[in-house]
Amino acid sequence: MWGNRRGRANPSPGDRRTRLSLGGRRAQTPIDFAVGAGVFLLTLAFVVAFVPSLFDPFAAADTASPLVSDRVAAGLADDILAVSPAEPGVLSPACTVAFFEPDEADAVDLDEADCAANITASPAAQFHLDRDVQVVIHDLNESDPSKHPAEIPIETRNGTFENVELVRTDGDPNAVGADEVTVSQRLVSIHGDQYRLTVRVW
């Protein structure tokens, strides 16, 4: 009898707490898994949705960004056509003639004017672009510079070049849609007169 009583002895309060604790932990496991899986899926969805867009500027063609046309405009106005880097926007008469009238380059002392070695090359070639570029210098209020570039006499140390048409283009920007053309502008001066330099890249 004593043996049977010992076999049916009631568990101690400590044993009950242990079993309840273990059971609670087992019940919590599915909830923890569900929460962890949910957080993981949300993070994965965020990565898939947003990370590719971070690389779009690098994947796009180099001429799809206005940064390219702005680089060309700045390079021409502040360096290639400028009297000196210390006078950005003030154009050298000799370099301007050589750029817009390449056939007249031999009549200009390019070395004395300190023009770039490739001053007569096309804008696309000078800036290593694989698209078309148009450079126009025009009156400040001109609404259609492609069709109405400035045409002015330019006086250099080698003489005066009459009716220099200040447009240089690799193609026709009107042949493509407006959304495919990026435009940048700079204020420039020639012999003290102000004009606007417009660059189109497409």
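**A look at the core**

Author: Buried residues, meaning those under 20% relative accessible area with a 1.4 Å probe and protein chains only, make up 31% of the 202 residues in the protein chain. Bear in mind that this is a predicted model, where local features need pLDDT of at least 70, side-chain atom pairs count only at pLDDT 80 or more, and totals for chains, interfaces and linings use all residues. Numbering runs from 1 along each chain as its sequence is written, and side-chain values use heavy atoms, leaving out hydrogens and water.

Now to the core itself. A nonpolar core here is a set of buried Ala, Val, Leu, Ile, Met, Phe, Trp, Tyr and Cys residues joined through side-chain atoms within 4.5 Å. The largest one has 36 residues, and Leu76, Leu81, Ile137, Leu166, Leu197 and Val199 have the most contacts inside it. At least two of its residues come from each of α4 (66–80), α5 (93–100), β1 (133–138), β2 (151–156), β3 (159–165), β5 (182–190) and β6 (193–201); those labels are DSSP runs numbered from the N terminus, with helices (H or I) of at least four residues and strands (E) of at least two.

Zoom in on Ile137: leaving aside residues up to four places away in sequence, Ile137 touches Leu91, Phe100, Pro149, Ala150, Leu166, Val188, Ile190, Tyr195, Arg196 and Leu197, a contact being heavy atoms within 4.5 Å.

Residues 59–63 fall below 50, with 8 contacts beyond near neighbours in sequence. Where pLDDT is low, the predicted coordinates should not be read in detail.

Technical notes:
Buried means under 20% relative accessible area, exposed over 50%, partly exposed in between (1.4 Å probe, protein chains only). pLDDT is the predictor's confidence in each residue, from 0 to 100.
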